[in-house]
Amino acid sequence: MLAKRWTFIVCLLATLTMQASDLLPRWGDRYWTDSVPESMRKSYITFGEQYAGKAWNSLPAIVFAEYKKTGNRVNYEQLMFEKRRQLAALVMAEIAESRRRFLPDIINGLQSTLEETWWGLPAHYKTELPKAEDQTVDLFNAETASLVAYTRYMLADELERFSPLLPQRIDQEIARRILQPAVKTRYWWKTAGMNWNPWICSNWLACVLFCEHDEARRTEAVSQIRQACDAFVQAYPADGGCDEGPHYWDRAAASLFETLYLLQDSTFTPKVKAMESYIYKMYIGDGYAVNFADAHGNRALLNVNIAYPFGLVTGDKTMRQYAAYIGQQGDILQHAAQFYDKSGNWPSLARELIFLKYIRSYLQERPCEPRLQQVWLPNLQVMTAREPFVAFKGGHNGESHNHNDVGSFIVYADGKPLLIDPGVGEYTAKTFSKQRYEIWTMQSDYHNLPRINGQSQREGKQYAARMVKYKSGQLTLDLREAYPHEAQIRWWKRTVKTRVKRSVEVTEDFCLDAYVAPTQLMLMTPVKPERGESGILLLGDHRLVYDARQLEAAIEDISPLLAPVLRQMWGQQMYRIVLTVKNNVLKAKLKYYIQ
């Protein structure tokens, strides 16, 4: 897939050192005062000032061990992410001001970070405490290494002036923690078609560019990184769809771009461009985005500092204007640090610096919200249409970050969520264990799906949509094979389409071989349903219309199930509407409407 791109690898290796020195203007370069607007620089400086003189905390062993003992991973993450945030804020402030005011804090922060036993998360480590000799390469030790490497590159002269021992120590630690183990170990993520692959590779490559002094290992590292990128792209479907969901696009396709950018590769295949466009194809409007699969938010997840360079280099006008729109909505000129702060689990120094390299071009872009009328991704089997906005998915239940949700759909009306995918709560040890599907948010019963003959969907790639048929604004799926044999399904054809009169029509055309238990249609909503006249449930200014001769409606308040992260997404309330098929019928065609 990317083979032609890598025919020039020998020439690329010969110029890597030059690229490292020319990649970005460093601390003290007039570029930062002449090109970056003063209001943006002031924002970065103010952000950094809150950390000036603040002590550098150690990361407690007892909190690291919590993951193995209780399954809690959030407590350690919060402490670690805040410490990285502190360093990233100070470095950007120093670059923006270039007066050496923040250097003492940065130096102390670097030293404190270098003294940590391991830079990753306990969820990705084998034992309850990290061991100095076991430098497993995961997402967050690679990202920490990148933050340190970029700091070393940008502030090289000042760190050297303070003491040559500090940049030497940085190089030694990055070699020990990242460069050596990454090259010699056959990690699973090097051949994966999910976010770990490019996320780690983009950070690993930054370490190669700025801190690798062993030429043989440099050559081998770049070769392995390009092979990993090749594997990642090959694993993707031609439509560019991300089965991990829009929440992970930023560290999947966007990290692939970051890697290619660092390699100074300006050739992008149609598949890579399709991977890029996926994120704005999943944009709903009014700041909302589709949230299929694991998602800790339902807001648009576009980080301007990677999206704009991506769109600029690939020539994607829609992406460039989308990035400009996001910046306009948050007034990036006055509040640049707020965007920076939210650009990752901690501020992404690498991406912010790359973005600011193109700030003049960015400020000339015309902002435009990407409200695509219709989208169809045939490989991922996801459709969107409007108005109102509906997204409907097929696929299978063996997807990355899978929920048992084949055939689920969501509806947003007047810019607000109406029928929803709840998303996912905070990650714990259980989330990625054999008990994953004990978590309610992973179950089909808590998606907009039927429970058939008392049976819910099962996990596994074999549980999939079949007989997929799409035409403009309409998708039909047979859900029979998404359920176990016990469901006694001969066929279950679900059709979702938008109608001229600004409504969504859902048809359930089914035939069962036997009656075992009541068949029910589950619909999830953050809006408190109220009963109207027969066959109507009121959802705020909208309504759900169904045939009361065929279906009986019940309303369940599931608000007590909501974890804090879900309350942040949807508010304090969530309800499940249960439409039970009457008379134990084995064959029927049901229609209902969201208006």
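Predicted model: local features only at pLDDT ≥ 70, side-chain atom pairs only at ≥ 80, totals over all residues.

Biologist: What else is found in the loop between strand S4 (382-385) and strand S5 (389-393)?

Modeller: Glu387 is in that loop, and a cis peptide bond joins Arg386 and Glu387 too, with omega about 10°. For background, most peptide bonds are trans.

Biologist: Why is the pair Tyr427 and Phe432 called edge-to-face?

Modeller: Two values go into a label like that: the distance of the centres and the angle of the planes. The ring centres of Tyr427 and Phe432 are 4.8 Å apart, and a pair needs them within 6.5 Å. Their planes are at 70°, and over 60 counts as edge-to-face, so edge-to-face it is. By this rule the count comes to 31 aromatic pairs. Ring pairs also link Trp249, Phe257, Tyr261, Phe268, Phe310 and Tyr358 into a cluster.

Biologist: How do you know whether Tyr427 is buried or exposed?

Modeller: Buried means under 20% relative accessible area. Tyr427 has 9%, so Tyr427 is buried.

Biologist: What makes Arg576 count as lying over the face of Tyr446?

Modeller: Arg576 is at 4.4 Å from the ring centre of Tyr446, and the cut-off for the CZ of Arg is within 6 Å, along with an angle within 35 degrees of the ring normal. Lys190 lies over the face of Trp189 as well, at 6.0 Å from the ring centre.

Biologist: Which residues have a positive phi although they are not glycine?

Modeller: Arg100, at about 70°, and Asn453, at about 50°, are among them. Most residues other than glycine have a negative phi. Arg100 lies in the loop between helix H6 (74-97) and helix H7 (103-114), while Asn453 lies in the loop between strand S9 (450-451) and strand S10 (460-464).

Biologist: Why is Asn453 called buried?

Modeller: Its relative accessibility is 2%, and the limit is under 20%, so Asn453 counts as buried. Arg100, at 42%, counts as partly exposed.

Biologist: What lines the second largest pocket?

Modeller: There are 16 lining residues, and the closest to the centre are Asp243, Asn379, Leu380, His396 and Glu399. The lining divides into 7 nonpolar, 6 polar and 3 charged.

Conventions: Residues numbered from 1 in each chain as written. Heavy atoms only, no water. Phe/Tyr/Trp six-rings, centres within 6.5 Å; stacked < 30°, edge-to-face > 60°. Buried < 20%, exposed > 50% of the residue type's maximum accessible area, 1.4 Å probe, protein only. 1 Å grid on protein atoms, 1.4 Å probe; cavity = no way out; pocket = protein on both sides within 12 Å on 5 of 7 lines; lining within 4 Å. Nonpolar A, V, L, I, M, F, W, Y, C, P; charged D, E, K, R; others polar. Helix = DSSP H or I, 4+ residues; strand = E, 2+ residues; numbered from the N terminus.
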